[in-house]
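Try each task before reading its solution.

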Amino acid sequence: MEGAANQGPSLFSPYQMGRFHLSHRVVLAPMTRCRALNGIPRAAHVEYYTQRATDGGFLITEGTVISPTGAGFPHVPGIYSREQIDAWKKVVDAVHAKGSIIFCQLWHVGRASNQVYQPGGTAAPISSTDKPISDRWKILLPNGKYGSYSKPRRLPTSQIPEIVQHYRQAALNAIEAGFDGIEIHGAHGYLIDQFLKDGINDRTDAYGGSLPNRCRFLDEVTRAVASAVGPSRVGVRVSPAIDHMDAYDSDPLRLGLAVVDRLNAVQRDASERLAYLHVTQPRYTAYGQTEAGRHGSVEEESRLMRAWREAYDGTFVCSGGFTRELGAEAVEQGDADLVSYGRLFISNPDLVERFKVDAPLNRYVRATFYTQDPVVGYTDYPFLGQQQWRSRL
């Protein structure tokens, strides 16, 4: 559904995302914030998400781990225990009271972890491979220091159905908590991406080698989750052209098209569309800047995104370094239906309103992204008309 019949879409025109009617197309992107002490959302989460909720807006939570083996950051929330489900319900109820739609992003980091985050503090993280992430990447540890990623344990074929079941149960838990739907995190070098990318996946079984085999795990997770909660409540996030944490692929265009083909098949088989496909461009850059990614220029990245957009049968969400102007351009030119914003939403809880009136934006403070403080750098950024916030670091 667009705005007036004789007008094209804009960043602020309504959109019908399957069963969900959105009043605008500015989406809160999923972002790790490390405020869930012992894995349980708290009152600060209620305030944080409510601050960013708008009537008819769409929010996606931070990555929320599906099992005790899924974490790779300190104090990230989960969705596998009764206490976590009950805590998330408070967040969801508050967001719904403001008229927003909210999905829970289901997350397993796979090899992007350290033994300290695993049950007992000694187990190896699971992955598609036994190759560790290289030393050019560092992991944030619970003591606030940075260390190395642990050598992972390659999942045997027989254990993969158990992990698929963890995703399915986490999706059911999210719906029980009141979430409108879930997003499967298949991007950014985490567990599902470790199966997708040929720079990581060195398996010789049914989950490795060919493109269809490398897409099998994502396909099984998506089908299991969709059958449990309904396809229209399921979004999928992927990043075929991003090499974060050594997650590179020799042919990102073909990989992305193979993923799209699998998701289209899921929709055909279910006779119902998924909620959306969410694709990240490799534009992890400083505020207000863009740059070329691993696989070429910004123009090349746009070509890849358009190819996946044209091939996918459904709502297409894009993210990655978008400004107000770039987001508006993507929607107006038909390159995306919705645009998700991360860092700009961190520092601007009223980002939608600021975008509408083209107001100046607060600058984010990167040093507070992954701290545990429930206020500083989390819920204390000012709204329009409030006295300017000053860092208390």
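A polar contact is a pair of N or O atoms within 3.5 Å; within protein, one must be able to donate a hydrogen and the other to accept it. Keep in mind that this is a predicted model.

**Exercise 1.** Find Arg214 and decide whether it is buried or exposed.

*Solution.* 
Step 1: Look in helix α5, residues 211–214, where Arg214 has its place.
Step 2: Buried means under 20% relative accessible area. Arg214 has 6%, so it is buried.
Step 3: List what it touches, leaving out residues up to four places away in sequence: among them are Phe195, Tyr207, Gly209, Asp249 and Leu255.
Step 4: Apply the cut-off for a polar contact, 3.5 Å. A polar atom of the Arg214 side chain lies 3.2 Å from the backbone oxygen of Gly209.

**Exercise 2.** Describe how helices α3 and α6 cross.

*Solution.* 
Step 1: Start with α3, which covers residues 160–176 and reaches 25 Å from first to last C-alpha, close to the expected 24 Å.
Step 2: Two packed helices are described by the angle and the distance between their axes.
Step 3: For α3 and α6, the axes come within 9 Å and cross at roughly 35°. The crossing is right-handed.
Step 4: Pick out the residues in contact, including Ile163, Tyr167 and Arg168 of α3 and Phe217, Glu220 and Val221 of α6.
Step 5: Sort the contact by class: 13 residues are nonpolar, none is polar and two are charged.

Methods
Residues are numbered from 1 along each chain as its sequence is written. This is a predicted model: local features need pLDDT of at least 70, side-chain atom pairs count only at pLDDT 80 or more; totals for chains, interfaces and linings use all residues. Side-chain values use heavy atoms; hydrogens and water are left out. Helices (H or I, at least four residues) and strands (E, at least two) are DSSP runs, numbered from the N terminus. The expected span of a helix is 1.5 Å times one less than its number of residues. Axes are lines fitted to C-alpha atoms, for helices over the stretch in contact, and angles run from 0 to 180 degrees between N-to-C directions. A crossing is left-handed if the near helix is turned anticlockwise from the far one by less than a right angle, and right-handed if clockwise. Contact means heavy atoms within 4.5 Å. Ala, Val, Leu, Ile, Met, Phe, Trp, Tyr, Cys and Pro count as nonpolar, Asp, Glu, Lys and Arg as charged, and the others, Gly among them, as polar. Buried means under 20% relative accessible area, exposed over 50%, partly exposed in between (1.4 Å probe, protein chains only).
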